[in-house]
Amino acid sequence: MGMRKVAVVGAGMTRFVRRAQETPKELAWQAAKMALESCEMTLDDVGAVCMGTAPDSFDGVHMKAEYLSDGAGAWGKPYMRSYVGGGTGVFAPIQGWYHVASGMFDVALVVCEEKMSSFYPHAQAAFLTIFDHTTERPLKPNLLWIFALEMNRYMQTYGLSKEDIARVAVKNKRNAADHPCALLGDADITVEDVLNSEMLAWPVNRLDVSPVSDGAVALVLAAEHVAKRVTDKPVWFQGVGWNLDTAYWANRDLAYPRYVEYAARMAYEMAGIKEPRKEIHIVEPYDPFDYKECHHLEGLLLADRGQAPQLVADGVTLRDGNMPVCPSGGLLGVGNPIAAAGLMKVAELFWQLRGEAGARQVPGQPKRGLAQAWGDLMQVGTVVILGTNP
Amino acid sequence: MTSKIKEFSGTPLSEKDFEKGRILHRQDQLEAWYAWDTGVAIRTYLAALQEGVLLGGYCATCRKTVIPPRTVCEWCFRPMDEYVPLQDTGVINTYSLCYVTWDVKRIKEPEIPAVIDIDGASPLHGILHKLGEVSPDQVKIGMHVQAVWKPEDEREGAITDILYFKPIKEAKS
Amino acid sequence: MSILGHDPAGPAAWLGDLPVTSRYTFGIAGERFFRAIKDEGKLMGSRCPACDITYVPARIFCERCLSELNEWAEVGPGGEVYTYTLLFVDKDGLALDEPEIVAFIRIADGGLVHRLAGIEPESVDIGMQVEAVFKAKKDREGSILDITHFKPAKA
Amino acid sequence: MNEDVAVIGVGWAGFRPATPEVSYKEMMYQAAVKAYDDAGVDPRKDVDSFITVAEDFIEGTSIFDEYVPDQLGAALKPVHTIGGDGLHGIATAVMLIKTGQAEIVVVEGHSKASNVLTLPHIVAYAQDPILNRPLNWETDFVAGLEMNRYLYESGTTLEQCAMVVMKNRRNALRNPLAPYGADLTLDEAMGGDPIAWPLLDRHTARHADGAIVMVLASERRAETLSPNPVWVTGVGWCNGAASLESREWGFIPYVRSAAEMAYSQAGIGQPRLDLDFVEVDDVYAYKELQTLEALGICRLGEAGGLTEEGATEVFGEIPVNPSGGSQGMGDMLDANGLARALEVVLQLRGEAGMHQLEEVEVGLAQSWRGVPSTSSAVAVFQV
């Protein structure tokens, strides 16, 4: 099928901080403006705006995309918000992709924003209400429960230790030390630091978890004829995939994220990828908790089941390893303003594939990268594959 | 282009900036209340809880017993056939020892949330609940547990009609 | 029992809430705009030279071209009633004791939504000139409520 | 455009002030199973992608997206939520199909408004938290401000707004899906209490529960699957100024922009002549008039007169809201656009029953996301 080719041509982001002074609109504006300036485009060039932002509870505004619209550059423009919980940050560029690939628009501006600090006193309380209102919420569950339950099941199924998994947090926080926007970069952190950090919900310790953050990220997407005009180095969408599993999360296997696998297979098929382990050079899987990176590498078919922690131990996933994973520093290191954090991963691929990632640059001129996010009730996989070839 | 950009926007604040009035801010609270219709299947599930029964649903096409019951099977998209009373016992699928409440208050004695695969339901079909009458270091995945119900006259047709699940003392053979 | 039927002994509805508690910063522009109200009793606008628009309240970006706005200037405190409404109900659906006169007061190319007072509802006209009435300086805390209301401007 | 897109199946449930016998999941299922039967598709095998439209605070659930797949037959399938109106969902389905990566896409929208006990408090949380919310006003003040300026600029009268209410609730009498049918006199439609004068309580639609599911398909699949495809020949959507302080109050330019986008795709040059009937937002009665003008059906200030002359009646020159609109069918929040589109599809298929219009081939549906938003979407359908 003669599908229109779509490229990322510009990217911008704010710093990820614990509490931003900027309003949500102002954060969205800062990222959007930077993205447009990065490719020397103006708002007049933009045909449509796509917004990704996670629960309204965080920013504390009902229909928050409507509130955010002017900051995102949507004044007088076609504008929509897509929403798949934690998976939103990697879905929003998919939304941008279909805006352009459909032939409906030549240029789409994709903006993701989250201001979690507006949920006060603590953003985590927002997660009570992701559970079923009648059959689960009366038990007063919290977000840590589901991660801890899933992590424990994963560790038990494959006989993994906390140390195996803590190495992911160490790698990512060390990588983040080179990211100018990072909240929790730490070049000297050790596995012991992670294991000795405060116990939150066994098996989850404080440093196994990414920090609550504020921030925004934006990308400019363009159709082929525009992309080739505005840049010598467009980075192309090669594949996209997304998938949502049943909401009855206690009625399925928690050890393996098959929805991630299905999303990945959709993207691989579109990208014509037969052997993902050989054909993907950089991976930015979703890492809100350290075990999730392992979980997702397995779901993405980039590691055998239960074997992802071994890749970390062997150094395969280091920035200069054979398959760099989260060279950005990931959510664990850069920070986790939910939707913005997902889009940060796609922006990282853009910078890496153009050789513009500075101190974070992965060696060897990578040609293709994959970003993935995850969300809802351990239920959503969203995958974007970008490459230097259309 | 991150390597080309020197200055990034985003202005970090500390909690002190708020406490000391260095920053203008305003608080608000959402008043959002709902009366969600329980509908056919969940209404029946809740009625059964009040009776001290965990109720599942059976899909004849998939030959699957699920909990809670639902009117349509999400796998074959055929209407579900019938309600099936299940045991009030099960096996710990996974658990956590949680030292933080939902609104992020620190607690000394951990809550022990667990997914419990319910006896009589299909494999890997369970519910979220909590464990009790067990010391945290004794909990194991695979442990057999039983529901501890509220007294009958205190039940109201809610998942909290089960107080928690406790380990079943295996008879010594 | 067939799943076509339900047990009427169960609760027909489940009552619950969605607890959200929020703390909002005023932002880069809001901080400056509301400090000017609090400290100086002034309304500030910001101008986009490219679009030839003066935003009130002042903001740091132009919504039409996304330029950063650096030209701040005092505006008002008077403006024109661009439209108004008489609000009779509160958020619980109850009748207000007195209907509130809510107006959009146009100031430069923007304006403020606020209440009108010191005038009977039937005397309000679209196009009439009004001006902001500020709280005493000692009572101002940096809020839209530092303006108590707008009142008809002296001729 | 790469590929034409058609609606090949519709299903619905509810359309009543309250639906206490079913949960939202069960109501969605009722609509979905009907739509799949209508389209002749199996959601587990045939559907490539699913879209729902929803907002968390209306549902009472953070990340409502979670609870969408099961009752739509969408578990382990590509599903996503659009925080928009149902017509935004239709536009999304059209885009997905035009990429060539999806051939059959399902769109769902629903309202369980009856379950929301504190809706005005929730809507107030959509106001700017710094500039507007401290004033502590019920958000209908935004409609009052807009209506007053609209009447001022256009010369439209309160009586003409009342006639919209009379027409739409009378149309609803002949629509079995509409719960709010009534035969009001002008005095009755002018009576009652004001909410945000000049906005009257009786000019504000009551809420309703309901679910609507539509199945859309590529040209290739539509032609093999459906004996009566309804083609989506144009979609447009647009936002205006987010803040109350920078918007136009009398005119709604974002509706004009959304319509122009849809018209240019559908090849509509003269909307009044080219469209056989329209279904538009009328949650507040004045919106029908303001919208008709923004859609270019008539010039500014003419919609009230058209209504008075009967041109927008079911027997008139350009019937407007033959379904009864939201005044007659109920305000279904973000499902409103799909309710409007459902009527257009049924009319174009000749399946509207007692209120079937004669010889209709092209219809338009339009929606607005309610106060305080400036978000609107438009879709043009054709047989």
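How much accessible surface does chain C have, and what share of it belongs to carbon and sulfur atoms? The accessible surface of chain C is about 6800 Å², and carbon and sulfur atoms account for 50% of it. The views below are taken from a predicted model.

**View 1. Chain C is built from 1 helix and 10 strands.** Read from the N terminus, the elements follow the order β-β-α-β-β-β-β-β-β-β-β. The C-alpha atoms of chain C occupy a box of roughly 75 × 40 × 35 Å along the principal axes. The radius of gyration of chain C is 22 Å, whereas a compact globule of 155 residues would have one near 15 Å.

**View 2. Burial and contacts within chain C.** Of its 155 residues, 50% count as buried, that is, they have under 20% relative accessible area. Among the contacts in chain C that link residues at least 6 apart in sequence, 49% are between residues at least 24 apart.

**View 3. An open sheet of 5 strands in chain B.** The strand order is β10-β9-β6-β11-β12, with antiparallel pairing. Strands β10 (126-130) and β12 (162-167) of chain B lie at the edges; each has a single partner strand, so one side of each has no neighbour in the sheet. Neighbouring strands of this sheet are turned by 45° against each other on average, direction ignored.

**View 4. The pairing of β6 and β9 in chain B.** Strand β6 (residues 89-95) of chain B and strand β9 (residues 113-118) of chain B run antiparallel and are joined by 5 bridges. Strands of a sheet pair through backbone hydrogen bonds. One of the residue pairs to look for is V91(B) with its bridge partner D117(B) in β9(B).

**View 5. A helix of chain A packs on the sheet of chain B.** Helix α5 (residues 143-158) of chain A touches β6, β9 and β10 of chain B. The direction of helix α5 of chain A makes about 95° with that of β6(B).

**View 6. The interface between chain D and chain C.** In this interface, 37 residues of chain D are in contact with 37 residues of chain C. The size of an interface is often given as the accessible area lost when the parts come together. Between chain D and chain C, the buried area is about 3400 Å², and carbon and sulfur atoms give 66% of it. Which three residues supply more of the area that chain D buries against chain C than any other three? They are I130(D), W137(D) and E245(D), which supply 19% of that area.

Key
Residues are numbered from 1 along each chain as its sequence is written. Chains are lettered from A and ligands numbered from 1 in the order in which they are written. This is a predicted model: local features need pLDDT of at least 70, side-chain atom pairs count only at pLDDT 80 or more; totals for chains, interfaces and linings use all residues. Side-chain values use heavy atoms; hydrogens and water are left out. Two strands pair if DSSP finds at least two bridges between them. Helices (H or I, at least four residues) and strands (E, at least two) are DSSP runs, numbered from the N terminus. Axes are lines fitted to C-alpha atoms, for helices over the stretch in contact, and angles run from 0 to 180 degrees between N-to-C directions. Contact means heavy atoms within 4.5 Å. The radius of gyration is taken over C-alpha atoms; the globule rule is 2.2 Å times the number of residues to the power 0.38. Buried means under 20% relative accessible area, exposed over 50%, partly exposed in between (1.4 Å probe, protein chains only). Accessible areas come from the Shrake-Rupley method with a 1.4 Å probe; for residues, only the protein chains shown count as cover. Buried area is the accessible area (1.4 Å probe) that two parts lose on being put together, summed over both.
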